[in-house]
Amino acid sequence: MTNENLIQYIYGIADNSLILGQRISELCGHGPTLETDIAMTNMALDLLGQTRSYYQYVAELSSKDITEDDVAFLRTEREYKNVLLVEQPNTDFAYIIVRQYFFDVFHFMLLKELENSKNVNFQAIAKKSLKEVSYHKRFSGDWLKRLGDGTEESKQKAQKAVDDLWVYTDELFHMTDHDKKVAEAGYGVDVTIFKTAYYETITALLKEATLNIPDVKYFQKGGKNGIHTEHMGFILSDMQYMQRTYPDMKW
Amino acid sequence: MENMKEKEQMKSLEDIFEAKIARDEKIEPKDWMPEKYRKTHIRQISQHAHSEIVGMLPEGNWITRAPSLRRKVALLAKVQDEAGHGLYLYSACETLGISREELYHQLHSGKAKYSSIFNYPTLTWADIGAIGWLVDGAAIINQVPLCSTSFGPYARAMVRVCKEESFHQRQGYEIMMTLCNGTQEQKDMAQDALNRWWWPSLMMLGPTDDESTHTEQSMKWKLKRKTNDELRQQFIDQTVPQADILGLKVPDEDLKYNNETGHYDFGEIDWEEFWQVVKGHGMCNKERISARKNAWDKGEWVRDAAIAYADKQTEKEVKEAV
């Protein structure tokens with residue numbers, strides 16, 4: 001396992017937190033109630049905080065003299081390794097919640113394993129993040145139940161979001177060559193081991209929310225190899241605006 | 001005869017109420033209060049709450065574009081604090097017998113006002129620094145006296161609000177300081193932001209005393225402890241030396257320290273601009289209200305779902321209990 005393997009492995013985890021954190025940040029000030037606005041902003045804060053811990057570690061590992069901000073803001077689109085799920089737009093509150101829930105359950109299971117990593121940095125980040133993510137999972141899961149088993153309108157909207165976003169769930173369990181090497185070294189996690197548990201968990205909650213499980217034969221993939229949906233370019237042009245316009249400055 | 005008795009009763013209630021305020025005791029939601037006191041407080045507290053949540057928008061405008069992860073997280077947390085302030089101010093207001101829905105309706109319909117400064121656009125990252133430094137700075141000056149106002153829930157909410165606002169102000173000043181220690185481009189950005197936010201910040205302290213309609217009554221109820229002009233002078237005296245430290249020039253040719261009074265003399269404020277913005281002609285008035293209205297309208301089905309779900313759960317519990 002090389003440092004490059006390790007860095008690429010970290011991107012595969014941290015970029016999810018960054019891009020989802022960025023997506024949720026867009027909502028700050030626009031939530032359906034003040035209480036949900038505050039709660040969603042909290043999740044964005046947690047995710048971005050986790051991102052910083054990972055990227056600071058990348059900066060340490062890198063042979064170049066870089067900072068967390070270089071990692072966050074100065075890569076090209078193909079260099080971001082987040083899954084497609086987290087870059088999907090905030091179409092409506094149902095999409096926001098379903099995207100969150102599909103990710104949170106995975107994230108929680110990943111961190112549970114990462115806590116046992118041989119790498120002390122991963123152990124520490126996972127331990128801290130688990131507390132946060134168990135709250136995220138409860139928030140999104142509770143809301144998904146409310147939307148699914150709420151009114152006829154909310155049920156329809158929740159079902160549409162589930163149907164549209166389901167195709168992005170399989171990619172969560174893809175392992176790149178970097179992932180495999182880091183997992184073999186006992187630093188990373190073999191995510192395939194909890195794939196069954198993941199689908200059991202979300203299926204059970206969808207049933208409780210009186211929603212149907214989509215019958216999908218083909219899943220989308222690409223993000224883990226840096227091949228993103230068209231949304232990604234806009235997320236980055238927004239996020240990287242300052243760093244690109246005013247290079248090499250301290251903020 | 002009946003009428004006389006009622007009048008006497010009313011008089012004694014009013015006497016008790018006024019004596020309480022004079023003794024610096026708090027008026028609590030369940031206490032008797034004159035209708036005018038209740039209405040004035042609903043107006044002022046809700047206006048304050050609306051300012052917090054509308055105020056989230058100009059700063060929220062820069063969250064996705066913040067220049068570093070540290071700044072992004074700090075800005076998110078700051079805007080979230082404003083949401084929190086809105087939340088406890090609305091709650092304080094609700095204790096006076098008005099619902100949050102009704103308060104929102106007043107904001108969306110234009111009946112209720114909010115601080116006019118939020119109708120100005122945030123054009124560069126330096127605006128985020130300038131808002132923290134100047135707008136939160138002016139807000140603190142307005143708000144610190146309210147920590148000892150007569151209405152208990154408002155006073156208690158303000159204690160917490162002020163603590164957080166003073167943190168925000170330092171954070172804003174620190175953004176300005178970083179820019180002023182940076183490249184020429186960053187310094188120019190900081191100066192430009194000061195140029196645009198200075199005068200609106202002075203206007204934030206309210207119309208001049210002879211134009212202000214509510215001052216006298218508000219003084220009596222301890223809703224106000226100093227006049228607008230006194231507060232404005234305090235803000236200028238405190239802020240000009242801070243601009244000096246940054247190496248920025250306050251955009252007022254008439255600004256000069258007066259050795260005799262110990263205060264800064266300053267130039268004429270463009271009150272015409274102030275009233276135009278209050279009337280809805282600021283650059284962002286329409287955007288701000290439509291963003292709030294949009295969030296509320298688009299959230300209706302979500303709130304309905306939550307209520308429907310909660311009702312179903314209660315029904316289930318009742319059935320299980322039977």
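Modeller: Let us begin with a term: a residue counts as buried when its relative accessible area is under 20%, as exposed when it is over 50%, and as partly exposed in between. Please keep in mind throughout that this is a predicted model.

Colleague: Is T210(A) buried, exposed or partly exposed?

Modeller: The relative accessible area of T210(A) is 34%, and therefore T210(A) is partly exposed. This residue sits in the loop of chain A that runs between α9 (195-208) and α10 (231-239).

Colleague: What is the phi of T210(A) near?

Modeller: The general idea is that most residues other than glycine have a negative phi. In T210(A), which is not a glycine, phi is positive, near 55°.

Colleague: Where is K222(B), and what is its phi near?

Modeller: K222(B) belongs to the loop of chain B between α8 (215-220) and α9 (228-246), and its phi, near 65°, is again a positive value in a residue other than glycine. With a relative accessibility of 15%, K222(B) is under the 20% cut-off and so counts as buried.

Colleague: How should I read a residue inside a helix, for instance Q50(A)?

Modeller: One first places the residue and then asks what surrounds it. Q50(A) lies in helix α2 of chain A, which covers residues 34-61, and it counts as buried because its relative accessibility is 1%. Once its neighbours within four places in sequence are set aside, the residues in contact with Q50(A) are S17(A), H107(A), S129(A), E132(A) and V133(A).

Colleague: How many helices and strands does chain B have, and in what pattern do they follow?

Modeller: Chain B contains 12 helices and two strands, and along the sequence they are arranged as α-α-α-α-α-α-α-α-α-β-β-α-α-α. The C-alpha trace of chain B extends over about 70 × 55 × 30 Å along its principal axes, and 55% of the 322 residues of this chain count as buried. Among the contacts in chain B with a separation of 6 or more, 77% come from residues 24 or more positions apart.

Colleague: How many positive and negative side chains are there in chain B?

Modeller: Chain B carries 43 positive and 51 negative side chains, and 5 Å lies between the centres of these two sets. Its accessible surface amounts to about 15,400 Å², with 53% of this belonging to carbon and sulfur atoms.

Colleague: How many salt bridges are counted between chain A and chain B?

Modeller: The count between the two chains is two salt bridges. The side chains of K312(B) and D149(A) form a salt bridge, with a distance of 3.1 Å from N to O.

Terms used:
Residues are numbered from 1 along each chain as its sequence is written. Chains are lettered from A and ligands numbered from 1 in the order in which they are written. This is a predicted model: local features need pLDDT of at least 70, side-chain atom pairs count only at pLDDT 80 or more; totals for chains, interfaces and linings use all residues. Side-chain values use heavy atoms; hydrogens and water are left out. Helices (H or I, at least four residues) and strands (E, at least two) are DSSP runs, numbered from the N terminus. Buried means under 20% relative accessible area, exposed over 50%, partly exposed in between (1.4 Å probe, protein chains only). Contact means heavy atoms within 4.5 Å. Accessible areas come from the Shrake-Rupley method with a 1.4 Å probe; for residues, only the protein chains shown count as cover. Lys and Arg count as positive and Asp and Glu as negative; His and the chain ends are not counted. The place of a charge is taken as NZ of Lys, CZ of Arg, CG of Asp or CD of Glu. A salt bridge is a side-chain nitrogen of Lys or Arg within 4 Å of a carboxyl oxygen of Asp or Glu.
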